Structures are given as structure tokens and as C-alpha cells.
Amino acid sequence: MITTKYYGTYPINAVGDSGYGIYANYKYLREHNIGNYLKFQQWNGESSGKRPQLFYTFDDGVICLNTNIGKEITFKNNSAHQRTKDTKLYIFEGCNNCNYSYVCKKKLKNKEENFRKVELNPDYELLKEQARNNLLRPKGIEIRINRSIQVEGTFGQIKNNMNYERIRRRGLESVSCEVMLMCLGVNIRRLLDSFEESKFKDNCWDVPNNLHKEVFPYVKQKKETVKKSII
């Protein structure tokens, strides 16, 4: 978790890979008014179009790609049990007449059923929607690119050029001290390099004025097959 131990204040925004986009972290960012730019676990699937977003939350409930509103049902010990805390069980009916069922029920065993049950955490889905909107906007694109340039590049410098691949101390305090010393060494190296080149490289990518909001691939409806009569 982000703390104020070293800097005395919380950051304005938090950005990270999809491994950090869990419910607990999202709630922590909301509680401390930190900008949510953490990728969620389905980010790569949605951005590539291979695993698109199937369900959307709103104030009154959950809706699917076919604009059907899910009905909340109770968990039953025999048929379904609650797998995750704070989740609710929804049922969506009319799947046999849905042109998105080829995507929605792709990995389900019972594809012929005219309904689908989904376990969702409405609050988590709303927080993921917030992160999704933030990351797709020009500001989010700028933050994502700068993270790739600055953070990943720094990790490469530490591991390859400085030959630091393993933490050598144990305990939270000792590990924190070791990492802070390594970061200090990285900054000193950058400062010395800037003296030699008479220029400080900030490695900062600025978003252009004509950059528009990014959009994930659109989910196409399955075309209805028309049987031709043989004369």
C-alpha cells in the first residue's frame, strides 16, 4: 500500500500493471483520494479484443452486452455458492436469441441454456470502470507511456547495468532501507551522467494536443444465417 512515511503526503495519481488492480487497492485509492490509474486483471483481454467487457454496472444494477438487465438471485448451496466476499449473483435470460452469446458463453459448458448466471461485485465493477475511463483518456495514455519509459527503464538499469537482481536483507525495515539506498544510487548515476552531457534527461513524454480518447475494439454481433432454398 502507498504510505506517507517517506514523502509526508499521498501521490496525486497511482499507476501500475494489472497485477495491482485488485479490489482492496482500488478501495484504498478511493479512501485517500488518489487518482485511479491501475490496470485491472482483464485489461489485456479487453484492449486486444480477445476478452471484451461483457457486463456493465450502473446505479440500479448490472446490464449485459445485449442490454438485458440482470436479476439478482440468492446463492444456493446445491447449485451455486458465493466464491468471493461482497459479491452478488445475477441471472441474465434470453441468451438463445442473443447475438453476443458466441462471445459471452464461449467458455461455458452449458452453451444451450437460455440464461447465464454471473457472480459480480458491483462496487468493484464501478471502480474498474473508473480506472478504465481514466486510463483511456489522453491523461491516462500519457501516464501509461511515461510509466513504461521511466519505471520499466529504471528497472532495466538496476537489474542489468547495476547488476542488482536480488534483495540481500530480511525484514520490512531492512528491505526498505536497501531499496531506498539503491534508488539513491540510481539518482546519483543520472545526476553524474547529466554533468557529463550538460543536459538532464527527464525521459518525460508529453501528450500531444490532438490526442483523442482511446477506444477498445468493438464487439460485433453475430450475423444471422439465412438458409437459401434449393429450387
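Leu192 sits in helix 6. Everything shown here comes from a predicted model.

**View 1. Helix 6 from end to end.** Helix 6 covers residues 172–197, 26 residues in total. From its first C-alpha to its last it reaches 38 Å, close to the 38 Å expected at 1.5 Å a residue. Just past the helix comes Ser198, with a positive phi of about 55°.

**View 2. The buried residues of helix 6.** Look here for Glu178, Met182, Val186 and Ser194, which are buried. Helix 5 (138–161) is part of what covers the buried residues of helix 6. As a reminder, an α-helix has 3.6 residues a turn, so residues three or four places apart point the same way.

View 3. Leu181, Leu184, Ile188, Leu191, Leu192 and Phe195 make a nonpolar surface patch of about 600 Å². Take Leu192: it counts as partly exposed because its relative accessibility is 47%, and the cut-off for exposed is over 50%.

**View 4. Thr67 in its loop.** Thr67 is found in the loop between strand 4 (61–64) and strand 5 (71–73). Its phi is positive, about 65°, although Thr67 is not a glycine. Most residues other than glycine have a negative phi. Thr67 counts as exposed because its relative accessibility is 57%.

**View 5. Asn163 between two helices.** The loop between helix 5 and helix 6 holds Asn163. Here is another residue other than glycine with a positive phi: Asn163, near 55°. With a relative accessible area of 56%, Asn163 is exposed.

Notes
Residues are numbered from 1 along each chain as its sequence is written. This is a predicted model: local features need pLDDT of at least 70, side-chain atom pairs count only at pLDDT 80 or more; totals for chains, interfaces and linings use all residues. Side-chain values use heavy atoms; hydrogens and water are left out. Helices (H or I, at least four residues) and strands (E, at least two) are DSSP runs, numbered from the N terminus. The expected span of a helix is 1.5 Å times one less than its number of residues. Buried means under 20% relative accessible area, exposed over 50%, partly exposed in between (1.4 Å probe, protein chains only). Contact means heavy atoms within 4.5 Å. Patches are made of residues with over 30% relative accessible area and no salt bridge: like charges are joined within 9 Å, nonpolar side chains (Val, Leu, Ile, Met, Phe, Trp, Tyr) within 5 Å. Accessible areas come from the Shrake-Rupley method with a 1.4 Å probe; for residues, only the protein chains shown count as cover. A salt bridge is a side-chain nitrogen of Lys or Arg within 4 Å of a carboxyl oxygen of Asp or Glu.
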